[in-house]
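The stops below are meant to be selected in order.

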Amino acid sequence: MKTKIDLETWSRKHHFAFFNAFDEPLFGATVNIDVTVAYQTAKQRGISFFLYYLHCILTAANQVKEFKYRVEDGDVYLYDVVNTSTTISRPDTTFGFSYIDHQPDLDQFIIGAQAEIKRVKSTVGLELRPVYNVLHVSAIPWVNFTALTHARNFAFKDSMPKISLGKITELNGKKTMPVSVTVHHGLMDGRHVGEFIDTFQELLNRQYQVRR
């Protein structure tokens with residue numbers, strides 16, 4: 001479900017009009033997050049670290065309202081729930097786009113995600129679905145990047161947040177991983193990106209405290 005935003009009364013009316021007129025209204029930030037606890041948790045539970053942090057990403061995004069805004073045909077909508085379209089590697093080294101629904105329960109999320117990953121691995125090419133309530137998530141575990149850019153079709157007014165995660169590195173027992181967050185500036189500002197990153201980090205740590 002989604003709710004149409006009244007642009008005339010919206011507090012971001014002027015900011016949206018300004019940035020949405022840009023050829024490139026997206027901005028981004030890259031940070032290192034601490035995954036020491038999260039990585040240990042995933043290994044102890046015998047689950048995929050990728051799916052573990054993907055669940056944390058979706059949980060964080062659904063807690064930050066600005067990550068659920070989307071631009072559709074010049075209008076702004078607020079979705080009740082956002083899911084993810086994430087890249088999945090295939091044995092032939094290509095990748096496919098998956099569509100994984102958010103589930104508050106981690107175990108239920110993993111069941112659904114594993115089924116979708118299996119489906120994508122058996123296909124070829126790139127499946128594009130006309131959905132807006134997704135985050136575009138990609139894993140680049142081979143690169144410890146400090147910045148990242150995305151391929152863009154400027155004819156398409158893209159407003160979906162894009163989150164990319166890189167290679168895990170370890171120093172003095174602490175594991176870190178770069179995370180790039182790219183968002184539409186008409187829909188949110190730096191403070192909202194910061195809120196998402198802080199919530200993501202808290203979830204990576206706190207879930208271990210709950211389940212230990």
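Start by selecting S164, which sits in strand 8, residues 162-165. The model is predicted, and in it S164 has a relative accessible area of 0%, so this residue counts as buried. To see the surroundings of S164 beyond four places in sequence, show S138, F145, L148, H150, P178, V179 and S180, which it touches.

Next, select K162, also a residue of strand 8. Its relative accessibility is 6%, and because buried means under 20%, K162 falls in that class. Which residues does K162 contact, leaving aside neighbours within four places in sequence? They are L26, H136, H150, S180, V181 and T182. For a distance check, take the C-alpha atoms of K162 and A139: they lie 11 Å apart in space, with a separation of 23 residues in sequence.

The structure holds 11 salt bridges. Another of them joins the side chains of K175 and E170, at 3.2 Å from N to O. K175 is buried, at 18% relative accessibility.

Finally, select E116, R119, E127 and R129, which a network of salt bridges links. Within this group, the closest N and O atoms of R119 and E127 are 2.9 Å apart in their salt bridge. R119 is partly exposed at 30% relative accessible area, and E127 is partly exposed at 32%.

Key: Residues are numbered from 1 along each chain as its sequence is written. This is a predicted model: local features need pLDDT of at least 70, side-chain atom pairs count only at pLDDT 80 or more; totals for chains, interfaces and linings use all residues. Side-chain values use heavy atoms; hydrogens and water are left out. Helices (H or I, at least four residues) and strands (E, at least two) are DSSP runs, numbered from the N terminus. Buried means under 20% relative accessible area, exposed over 50%, partly exposed in between (1.4 Å probe, protein chains only). Contact means heavy atoms within 4.5 Å. A salt bridge is a side-chain nitrogen of Lys or Arg within 4 Å of a carboxyl oxygen of Asp or Glu.
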